[in-house]
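Here is a short tour of one protein model, written for someone who likes to have the structure open while reading. Have a look at it below, and then we can go through a few features together.

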Amino acid sequence: MLIRVPWYPSFPWSEVTPDRLYVSRRSFMAGTAAALLAPALGEAAAPAIPAGAPLKATRNAKLSLDEPPTKFESATTYNNFYEFGTDKDDPSRLGHTLKTRPWALEVSGLCAKPRKFDIEELLKMAPLEERVYSLRCVEAWSMIIPWIGFPLSELLKRVEPTGQAKYVEFLTLVDPEQFPGQKRGIFGFSLEWPYTEGLRMDEALHPLTLLTFGMYGQALPYQNGAPVRVIIPWKYGFKSGKSLVKVRLTADEPKTSWNVAAPSEYGFYSNVNPAVDHPRWSQATERRIGEFRRRKTQPFNGYADQVASLYTGMDLKKYY
């Protein structure tokens, strides 16, 4: 068995540049270099807005948890983002390969006004709010993160869903050059690409469902789903698709990546339910990143008062 022995530096941690500042500075320098080259290369070479750039938002206290956020360094270095790889630190190590400008989000399917939205247009579509949500992973760990975005319903109403639209499907970018984890076999594991997720229409329109562009007062870091993702706080984190490029409105329940890969482990609904264990571990408790003791998992991740009515009459063990 290979045991990883931690390495301890010979200098105090106080002298280490914080990861947040390092990532922001590196992104800023890359953006500055691109800006200097742009006049010579033409309009197509306009610099990308760096991940970590400040992103202003108004705190929505009514929809925010009154808990201290997880440390920024933890939230940006302990991630599941299989497009980059399967290890928790792969996204932060390899995320610099992602190019977030130009970027567009195409909304199509059963709607009266299908169209593409440029990322800059999306950022101006509705007032940006900061909401402190709990993010619960199916692996039984959780974080508290101040996300920045606006309700997904603001986007959907602009395309005017038809009466036949019952579900919303989310698809992420496919580009193995930017996402090394999409190169089959390179990490010994692969999902079907694009990564696909979905919600029932009433779930997608719920006020808690957030089209998300930032966290901790800044634009989303690459490893956290830049430049646009979705957050559904009462569901397990894998439902929250990252680096979205397409949203489709459908009449039928979409096939989602994890449900296709392992249907006995990952259901379509994926609501946080401590009474339904994962086949390989219990969901009754969770470990909050930064804490030692485990805590009891709350139904719907603590959002039962707001969302339980969506599932009235449903067998939540059958529709897990």
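## Around glutamate 154

In this predicted model, the side chain of glutamate 154 makes a polar contact with the side chain of lysine 157, at 3.1 Å. Glutamate 154 sits in helix H5, which covers residues 152–159. If you set aside the neighbours within four places in sequence, glutamate 154 touches Met125 and Ala126.

## The largest pocket

The largest pocket has a volume of about 460 Å³. It is lined by 28 residues, and those closest to the pocket centre are Asn80, Tyr82, Cys137, Phe238 and Lys242.

What is the lining made of: how many nonpolar, polar and charged residues? There are 16 nonpolar residues, 7 polar ones and 5 charged ones. Strand S5 (residues 141–151) supplies the largest share of this lining, with 4 residues.

## An open sheet of strands

Now for the sheet. An open sheet is built from 5 strands, in the order S3-S2-S11-S6-S7, with mixed pairing. Strand S3 (115–118) and strand S7 (196–200) are at the edges; each has a single partner strand, so one side of each has no neighbour in the sheet. On average, and ignoring direction, neighbouring strands of this sheet are turned by 20 degrees against each other.

Within the sheet, strand S2 (residues 104–109) pairs with strand S11 (residues 244–250) in the parallel sense, over 4 bridges. To find this pairing on screen, look for valine 107, which stands opposite valine 247 in S11.

Terms used:
Residues numbered from 1 in each chain as written. Predicted model: local features only at pLDDT ≥ 70, side-chain atom pairs only at ≥ 80, totals over all residues. Heavy atoms only, no water. 1 Å grid on protein atoms, 1.4 Å probe; cavity = no way out; pocket = protein on both sides within 12 Å on 5 of 7 lines; lining within 4 Å. Points joined across faces, edges and corners; volume = space filled by probe spheres on them. Helix = DSSP H or I, 4+ residues; strand = E, 2+ residues; numbered from the N terminus. Nonpolar A, V, L, I, M, F, W, Y, C, P; charged D, E, K, R; others polar. Pairing = 2+ DSSP bridges. Axes fitted to C-alpha atoms, helices over the stretch in contact; angles between N-to-C directions. Polar contact = N/O pair within 3.5 Å; in protein donor to acceptor, adjacent residues only side chain to side chain. Contact = heavy atoms within 4.5 Å.
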